[in-house]
Amino acid sequence: MKSNRALWIALAVGALLMIALFALVPPEAMPWVKSLHIVAVISWMAGMLYLPRLFVYHAESAVGSQQAETFKIMERRLLKGILNPAMVVTWAAGLWLAWMFSFQGGWLHAKIALVLVLSGMHGYLSASQRRFARDENRKSAKFWRSVNEIPAVLMVLIVILVVVKPF
């Protein structure tokens, strides 16, 4: 129930941010919105790269140990304090920028598709954090090392699309 409330709060904040951006921000503010988007993306990616790494160490810890309990706190704070807000701001600012570009260009559509995949990965990591918090993780440290590579690959592809605009 508590996690559902947090999700609804995040969605409401995101919706309000989107309304504010679309209704109040003039096109001349594009450099500011781009800056906000870049900062949010950096924050989101930092968390997306760090959370699976925490899972690696957590999976290697004995259930109930002091170390495992510390990882639970770190994972929850990273997710709630950095990852979730950064994803909301990334999407809000990114959609405003896409709207300003009239959603033109195949590169933009491909980027949005990859960001959807990254958002799905975010959801998977969020669910995994809840499983770790309940001591229900069944995945190995090796598995989490592999998962740790997925956000990095997506990030590289997204950056190439944005900078090179190959199509």
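How close do the axes of helix 2 and helix 6 come, and at roughly what angle do they cross? They come within 8 Å and cross at roughly 150°. Keep in mind that you're looking at a predicted model.

**Overall layout**
- Reading from the N terminus, the elements go α-α-α-α-α-α.
- If you draw a box along the principal axes, the C-alpha atoms of the protein chain fill roughly 55 × 35 × 20 Å.

**What the UniProt record says**
- An unreviewed UniProt entry lists "transmembrane region" for residues 7–26, 32–51, 82–101, 107–125 and 146–164.
- Take residues 32–51 from that record: in the model the span is 100% helix and 0% strand, and its end C-alpha atoms sit 29 Å apart.
- Residues 82–101 come out at 95% helix and 0% strand, with 28 Å between the end C-alpha atoms.

**Helix 2 with helix 6**
- Helix 6 covers residues 149–164, and its axis crosses that of helix 2 at roughly 150°.
- Angles over 145 degrees count as roughly antiparallel, so helix 2 and helix 6 get that label.
- On the helix 2 side you'll find Met-45, Met-48 and Leu-49, which meet Pro-151, Ala-152 and Met-155 of helix 6.
- Sorted by class, that contact has 6 nonpolar residues, with no polar and no charged ones.

**Helix 2 with helix 3**
- The axes of helix 2 and helix 3 come within 7 Å, again with a crossing of roughly 150°.
- This pair is therefore roughly antiparallel too.
- The crossing of helix 2 and helix 3 is left-handed.
- The residues in this contact split into 27 nonpolar, 6 polar and 3 charged.

**Helix 3 with helix 4**
- Helix 3 (residues 66–100) packs against helix 4 (residues 106–133) at about 160°, and the axes are 11 Å apart.
- That angle makes helix 3 roughly antiparallel to helix 4.
- Helix 3 goes past helix 4 in a left-handed crossing.
- Helix 3 brings Lys-72, Glu-75, Arg-76, Leu-79, Leu-83, Asn-84, Met-87, Trp-91 and Ala-98 to the contact.
- From helix 4 come Leu-108, Ile-112, Val-115, Leu-116, Ser-119, His-122, Ser-126, Gln-129, Phe-132 and Ala-133.
- The class tally for helix 3 with helix 4 is 11 nonpolar, 5 polar and 3 charged residues.

**A look at Trp-91**
- Trp-91 sits in helix 3 and is one of the residues that contact helix 4.
- Leaving out residues up to four places away in sequence, Trp-91 touches Met-18, Trp-44, Ile-112, Val-115, Leu-116 and Ser-119.
- Among those partners, Ile-112, Val-115, Leu-116 and Ser-119 also turn up in the helix 4 side of the contact with helix 3.
- Trp-91 and Val-41 are 50 residues apart in sequence, yet C-alpha to C-alpha they are 9.1 Å apart in space.

**Aromatic pairs**
- The structure holds 6 aromatic pairs.
- One of them joins Phe-55 and Trp-144, with 4.8 Å centre to centre and 65° between the planes.
- Plane angles over 60 degrees count as edge-to-face, so that's the label for Phe-55 and Trp-144.
- Phe-55 belongs to helix 2 (residues 30–59) and Trp-144 to helix 5 (residues 141–147), so this pair ties together parts that are 89 residues apart in sequence.

Key
Residues numbered from 1 in each chain as written. Predicted model: local features only at pLDDT ≥ 70, side-chain atom pairs only at ≥ 80, totals over all residues. Heavy atoms only, no water. Axes fitted to C-alpha atoms, helices over the stretch in contact; angles between N-to-C directions. Helix = DSSP H or I, 4+ residues; strand = E, 2+ residues; numbered from the N terminus. Parallel < 35°, antiparallel > 145°, perpendicular 65-115°, else oblique. Left-handed = near helix turned anticlockwise from the far one by under 90°. Contact = heavy atoms within 4.5 Å. Nonpolar A, V, L, I, M, F, W, Y, C, P; charged D, E, K, R; others polar. UniProt positions renumbered as here; feature names shortened; annotations may be inferred. Phe/Tyr/Trp six-rings, centres within 6.5 Å; stacked < 30°, edge-to-face > 60°.
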